[in-house]
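Student: Before we start, please show me the model. I would like to learn how to read its features one at a time.

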Amino acid sequence: MAVKLVFLGRLADLAGAPESELPAPLNWPALVEALSGDLGEWIAGDKVKLAVNGTVLADKSTLRAGDGDEVALLPPVSGG
Amino acid sequence: MKDVRLLTEPFNPGPLVGPFTNAHPGLGGVCTFVGEVRGDANDLGAVEALELMHYEPLTLAGMDRLADETLARFDLMGILIAHRVGEMRPGEPIVLVSAAARHRRDAIQAVDFAMDHLKSDAWFWKRERRDGKWRWIDPRPQDRADLERWTS
């Protein structure tokens, strides 16, 4: 019973891996609590967006992810 | 026609633009922009490599939407958007946008519009290696300003 996390850009460096897992169900407070240090600060800041199964959330605090869902943590894009 | 691609290997613009042009008989003009990895140098050293990271569920879908918006905004016969991901060297093509139209201004402006949006709005994360060290590249205020050209 797990939610897959995908870290993009510099968040992958901060997380130490491009992917990891957290127990399901996962909501916003649980995500913030699970990620510590620089990574946690980035995630909590307003520059990082979240996508659940490829849909970007307008409001991160509405995060609700269940078993098998994929949550992407998206820092600001640096352009193509 | 609409042709949108993410490319994981080095590409030559010619073999993409040729068939795209031939697919639009009766066109008045094709405008093509090819962006390459800039070989610039600063006090951290010269760029040795550039890596573009993407996120499969968002990046290609976002480029496809941009192609639709470009087709809707300008009087085009077709658009081709191809973008590299992965690791590249200075001088390698990184992006190609080609627009075919009955008249030149639509083709030229469509490419300008698509490039401004690719540079600031597309789901890519970029890092460069100088002097053996990788650094992530932050968005530039100029990218935002380029985007606002199209909303005024």
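**Reading the model**

Tutor: Leaving aside neighbours within four places in sequence, Met1(B) is in contact with Ala23(B) and Gly78(B), two residues being in contact if their C-beta atoms, placed from the backbone, lie within 7 Å. This is a predicted model, in which local features need pLDDT of at least 70, side-chain atom pairs count only at pLDDT 80 or more, and totals for chains, interfaces and linings use all residues. Residues are numbered from 1 along each chain as its sequence is written, while chains are lettered from A and ligands numbered from 1 in the order in which they are written.

Student: Is Met1(B) buried or exposed?

Tutor: A residue is buried if 20 or more other C-beta atoms, placed from the backbone, lie within 10 Å of its own, exposed if 12 or fewer, and partly exposed in between. Met1(B) counts as exposed because it has 12 C-beta neighbours inside 10 Å. Met1(B) belongs to the segment before S1 of chain B.

Student: What pLDDT does chain B average?

Tutor: pLDDT is the predictor's confidence in each residue, from 0 to 100. Where it is low, the predicted coordinates should not be read in detail. Chain B averages 95, and 100% of the residues score at least 70. For the complex, the predictor gives an ipTM of 0.91 and a pTM of 0.93.

Student: Which residues of H2(B) are buried?

Tutor: Helices (H or I, at least four residues) and strands (E, at least two) are DSSP runs, numbered from the N terminus. In H2(B), the buried residues are Leu58(B), Thr59(B), Gly62(B), Met63(B), Leu66(B), Ala67(B) and Thr70(B). They lie on the same side of H2(B) because they cover an arc of only 165 degrees around the axis, the arc being that of the directions from the helix axis to the C-beta atoms.

Student: What do the buried residues of H2(B) pack against?

Tutor: In chain A, they pack against strand S4 (49-52). In chain B, their partners are strand S1 (2-7), strand S4 (45-54), strand S5 (76-84), H3 and S8.

Student: How many residues of chain B are in contact with chain A?

Tutor: There are 19, and they meet 13 residues of chain A. Helix H2 (56-73), helix H3 (104-121) and strand S8 (124-130) of chain B each supply at least two residues of that side.

Student: In what order do the strands of the open sheet in chain A run?

Tutor: Two strands pair if DSSP finds at least two bridges between them. The 5 strands follow the order S2-S1-S7-S4-S5, with mixed pairing. Strand S2 (19-23) and strand S5 (55-56) of chain A are the edge strands, each pairing on one side only.
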